[in-house]
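Thanks, everyone. Let me put the model up and walk through it.

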Amino acid sequence: MTEPLGRVVATERKPNTPHEFHFWTSLESPVGIGTIVRVDGSHPIDGRIPHIYGIVVEGFSYTDLQSPMHDVLGHDGSPANAGFSATERAEIRLYSAAVLRQIPEEPLQPVPMGQVFLAGEEDVATALRMDAYLKEGAHTGIPIGVYRAGATDSVIWLDADFLLGPEAAHLNISGMSGLATKTSAVEWLLSSVFTHFPESKGSIAAVCFNVKGPDLCYLDQPAVRLEDSDRALYEKMKVEPAPFKQVQYFAPYNAKGYSLNTLRSNEALTHNVTPLTWGLREVLQYAEVLLNKDDLDAKADALIDFISERVVGCRMERDGPLSRDHSVESFADLEAWFRDLLQGMEAKNQDSWRTHHIATIRKVRNRLINISTRCAGLVTNSGDVSDLPFGSFEDRAVYVVDVASLEEDAQDLIFARIVSRLREHLERRDLGVKHLIVFVDELNKYAPNDTQDTYVRKMLLDISERGRYLGLVLFSAQQFRSQVHRRVVGNSGTAIYGRMDGDELATPGYAVLSPAVRTKLATLEKGQLMVRHPHFTQPIFVRFPRPAVLSGREGAEKFPQAVEVGLAAALYRSLHELDPGVTMGWVKDMIDLYDEHELIDARNVTTLMKPANVRAFFQSRLKKIIPSETVSAGTRPAALKPLPVGDPYGS
Amino acid sequence: MGHRAGVNQRPFDEEARNWPASPHEAAKFFLDQLPGCEPVEGARAESERYSHGEDVPVLLAPQMLEGEALRAVHVADPRTVRGESGFAGFLDGTQDVRVVNHVYGVPIVWGVVSAAIRARINKRLVSWNSRAPIVKRNYYLPFRYVNGMRDALKSHPNVVDTGRASASGDFPSRHPAALMEAAIKRVQIDRESIETVLAEEWCARETSALYVDGSITASKAVSTSPFAIGVVKTHRRLYAEGDAFRTLVGLRAGERTTMFRVSPQSRFPVASWYVRVRPAAGRDALFGLVRAEAAITGDISDRVTEISRWIIAEASPLSLPDGRWDKMAYGIRETEEFLRATS
């Protein structure tokens with residue numbers, strides 16, 4: 001039997017309760033804030049010795065000194081003398097612990113006096129109720145980290161049913177930027193989920209939105225260095241310290257359309273980067289995302305609906321103000337349709353067309369056409385679509401959508417459309433996987449609690465409130481939890497906290513934590529987290545290993561971003577990757593013959609289709625040019641007959 | 001109230017197995033044992049009310065062991081000797097005396113005496129050899145004035161008769177105050193006896209110095225051991241008359257007097273000297289003044305200054321909030337607190 005490290009104490013002024021107790025330890029004890037302990041009661045209840053598990057949430061230390069002045073007097077006011085006392089004052093280490101679990105659970109009584117022991121591995125599992133989901137044959141545990149105290153090194157498991165549904169779901173991470181909390185924790189946790197998610201629960205994949213810097217750009221690349229301590233943690237939690245095996249990147253083109261707008265543009269890494277481009281039809285479905293409330297009055301909404309249903313993808317015949325037939329497939333077609341319609345209405349002095357007022361038509365035209373400018377690179381004029389592989393998602397694959405370099409509008413549009421599509425497919429059960437994790441960072445920006453309702457926020461709320469029934473799980477992160485919509489964070493069954501800012505910790509949301517726990521949160525070192533989970537009655541501190549993937553900063557150094565190139569180099573790079581036979585000379589010939597936008601559209605389609613004969617396909621997408629014919633002497637037309645002599649009509 | 005009607009006296013043997021541990025239990029226990037016994041509500045500590053009543057302050061001429069007359073010897077600046085103590089342990093005892101019942105005006109006294117040695121290891125005080133303190137819980141009452149006591153109770157080792165005749169054959173008066181003083185005197189004797197047990201054990205087993213709170217003259221083994229140093233804080237008897245008294249009250253902090261011999265009646269002789277551990281400027285004459293006792297060994301003249309330095313060094317840390325902080329070593333205060341918590 002191990003040695004007790006403390007004894008429960010209670011006084012009238014500081015009594016024990018069913019949820020809190022106090023104990024003292026020796027000065028050398030390994031107990032600290034966050035340590036899990038076990039109390040063995042002295043007297044049986046209903047024939048059973050009670051065992052109480054608790055986590056240290058507060059610590060006190062004091063001596064028998066009644067007033068600080070006594071110490072000053074005792075050392076003649078000289079701190080230097082204090083070190084030379086023959087005896088150290090009697091000192092106490094007194095701790096308060098929050099009860100995690102009592103066994104037996106009934107009757108629930110105040111914690112009795114008894115000896116206090118450091119919790120061993122089995123104790124930790126019992127204290128955190130992990131024993132319920134770590135049973136042989138019904139193991140749904142996902143390791144989140146290792147709890148350490150004294151000689152105890154215990155894996156802390158989350159319950160997959162409560163992390164990924166259906167019982168509860170979603171994960172929210174809070175922490176200061178730059179301290180390896182949010183991105184690192186998610187990278188590690190995804191590895192853990194992919195390794196330990198029970199086969200019986202089906203397939204799982206993740207879609208990550210890379211919203212800033214190169215954070216998620218190198219998930220398929222191994223870490224530059226992993227310490228032995230990290231490897232030991234991986235081994236302890238039975239997760240392979242390796243990068244993700246299946247990663248697919250998606251990024252829209254930059255505004256010019258030459259190259260993809262991503263930091264993962266190094267030629268060595270472009271093999272799994274796919275363009276993300278949408279046409280008019282895709283964008284119009286989510287026009288609401290890009291239009292603010294002032295834009296979207298009932299009239300404008302009605303016109304957009306009309307355009308979506310009756311104009312886009314349909315043939316509009318010459319009618320009324322329209323001077324010609326229209327087939328609207330792209331933003332360019334739509335602009336032509338609007339121009340024709342408005343010119344016709346002006347010419348005929350018409351105020352309205354099909355109940356839509358000319359002012360509304362002008363406003364909607366302005367807003368919609370503007371989208372292609374605001375989301376240049378994402379929205380194509382040609383209407384070609386390159387998208388995530390909805391319907392064929394693969395098990396244990398990560399799909400990273402890099403929106404870090406995009407304008408806010410484009411980010412919103414991408415997020416809204418992709419999540420909506422994911423949801424639709426999950427509802428139909430035809431996404432390709434049964435469970436999907438969506439990771440979104442910077443929730444302060446996308447779901448703030450202090451601005452008007454936005455489409456993206458509504459969507460995040462919808463996922464957090466109903467997603468678990470579909471298998472759609474939100475892993476979200478932000479710096480300031482207090483500034484995120486309460487229902488988004490409130491619906492996250494599991495919450496992770498890294499090192500927190502003092503101001504943030506002073507907000508009411510953290511009032512449930514003791515001052516000591518808040519202090520620990522403010523001083524957490526890298527690799528340490530505080531975890532709340534439905535099975536844990538109190539937050540637990542754990543260590544997690546450095547992710548086994550290349551970090552954003554190291555990746556940017558190892559794989560520098562490709563330099564911005566001109567049209568020729570951009571075309572060459574894209575097409576040469578598909579067909580090594582493509583030469584720069586051939587590309588330059590094409591540039592001499594065709595317009596830039598035409599070449600880019602052709603390149604986009606070629607990249608998307610990946611045809612067998614790249615050059616032929618590419619050229620087939622360009623307008624036909626009728627070659628000029630050289631007139632030879634032999635084929636000269638016959639000379640005109642000479643005028644008859646005396647012709648009265650000759651000049 | 002007396003013995004409660006309808007409540008049978010419980011067999012003493014059965015009760016003996018569960019000897020009272022608190023004044024409340026002590027009162028209840030005796031109610032069951034003695035007819036006519038009445039409880040005292042809210043029994044309070046009585047030691048202070050009756051202590052020292054028999055000691056008359058006196059000045060005695062010292063029998064010098066060092067030189068011809070009492071004089072001051074500079075030992076050390078108290079600010080420079082800190083941490084230089086050679087004491088490896090502290091011995092102290094406590095007593096708690098309460099009247100828990102009375103029988104027709106005769107007080108039934110419940111006394112708890114305890115003693116412990118706290119050893120100093122790495123500047124921290126711990127129980128010497130992990131030994132629990134000696135604690136004795138006794139009833140003190142004059143059998144001759146209490147009727148109806150059963151033999152089993154009279155012969156119990158933890159029931160002390162305070163009504164026996166003195167050496168001169170006089171019995172104590174039935175006056176309740178006289179009976180209280182007699183009881184308290186027995187409690188003090190019991191306390192001293194358990195302190196002596198511990199001190200003798202130390203002297204037999206250890207080879208470093210023990211700081212004994214009080215006199216070491218009660219035991220021959222202790223009074224002759226070089227490893228026990230008694231430090232007396234009370235000065236009902238001052239070994240200084242005439243010029244010696246002026247020398248004594250004029251002692252400055254960090255000074256000692258020359259040694260003299262102390263041999264109380266029916267006790268064992270020791271070498272003794274005074275040490276001023278704190279400056280007394282602006283205070284009363286005895287502020288910071290202690291009297292040290294050590295065995296009269298061959299090398300005592302060589303050790304007296306060193307022991308004095310140790311005593312001065314023990315003035316830090318301060319033993320406030322104890323009222324005797326000017327003279328009390330922190331180790332003694334800690335031992336008292338330890339005993340208070342455990343007995």
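Start with the contact between the chains: 15 residues come from chain A and 19 from chain B. Two residues are in contact if their C-beta atoms, placed from the backbone, lie within 7 Å. On the side of chain B that touches chain A, β7 (124-127) and α9 (330-342) of chain B each supply at least two residues. α9(B) gives the most, with four residues. Helices here are DSSP runs of H or I, at least four residues, strands are runs of E, at least two, and both are numbered from the N terminus. By class, that side of chain B has eight charged, seven nonpolar and four polar residues. Nonpolar is Ala, Val, Leu, Ile, Met, Phe, Trp, Tyr, Cys and Pro; charged is Asp, Glu, Lys and Arg; polar is the others, Gly among them.

A word on the source. This is a predicted model, where local features need pLDDT of at least 70, side-chain atom pairs count only at pLDDT 80 or more, and totals for chains, interfaces and linings use all residues. Residues are numbered from 1 along each chain as its sequence is written, while chains are lettered from A and ligands numbered from 1 in the order in which they are written.

Now the domains of chain A. The assignment gives domain 1 (6-76 + 89-127), domain 2 (153-274 + 396-556), domain 3 (281-374) and domain 4 (565-620). Those bounds come from an automatic or database domain assignment. The centres of domain 2 and domain 4 of chain A, taken over C-alpha atoms, are 37 Å apart. Four residues of domain 2 of chain A contact five residues of domain 4 of chain A. The domain 2 side of that contact has three polar residues, one nonpolar and no charged.

Next, helix packing. Take α10 (331-347) and α11 (358-374) of chain A: their axes are 11 Å apart, at an angle of about 160°. So α10(A) is roughly antiparallel to α11(A). Axes are lines fitted to C-alpha atoms, for helices over the stretch in contact, and angles run from 0 to 180 degrees between N-to-C directions. Under 35 degrees is roughly parallel, over 145 roughly antiparallel, 65 to 115 roughly perpendicular, and the rest oblique. The crossing of α10(A) and α11(A) is left-handed: the near helix is turned anticlockwise from the far one by less than a right angle, where clockwise would be right-handed. The contact of α10(A) with α11(A) holds ten nonpolar, one polar and three charged residues.

Last, the backbone. Most residues other than glycine have a negative phi, and most peptide bonds are trans. Which bonds are cis here? One runs from Glu106(A) to Pro107(A), with omega near -5°. Another runs from Gly165(A) to Pro166(A), with omega near 5°. Pro107(A) is in the loop between β5 (91-103) and β6 (114-118) of chain A.

For positive phi, look at Arg129(A), near 60°. Arg129(A) is partly exposed, with 18 other C-beta atoms within 10 Å. Buried means 20 or more, exposed 12 or fewer, partly exposed in between, with C-beta atoms placed from the backbone. Glu442(A) also has a positive phi, near 55°.
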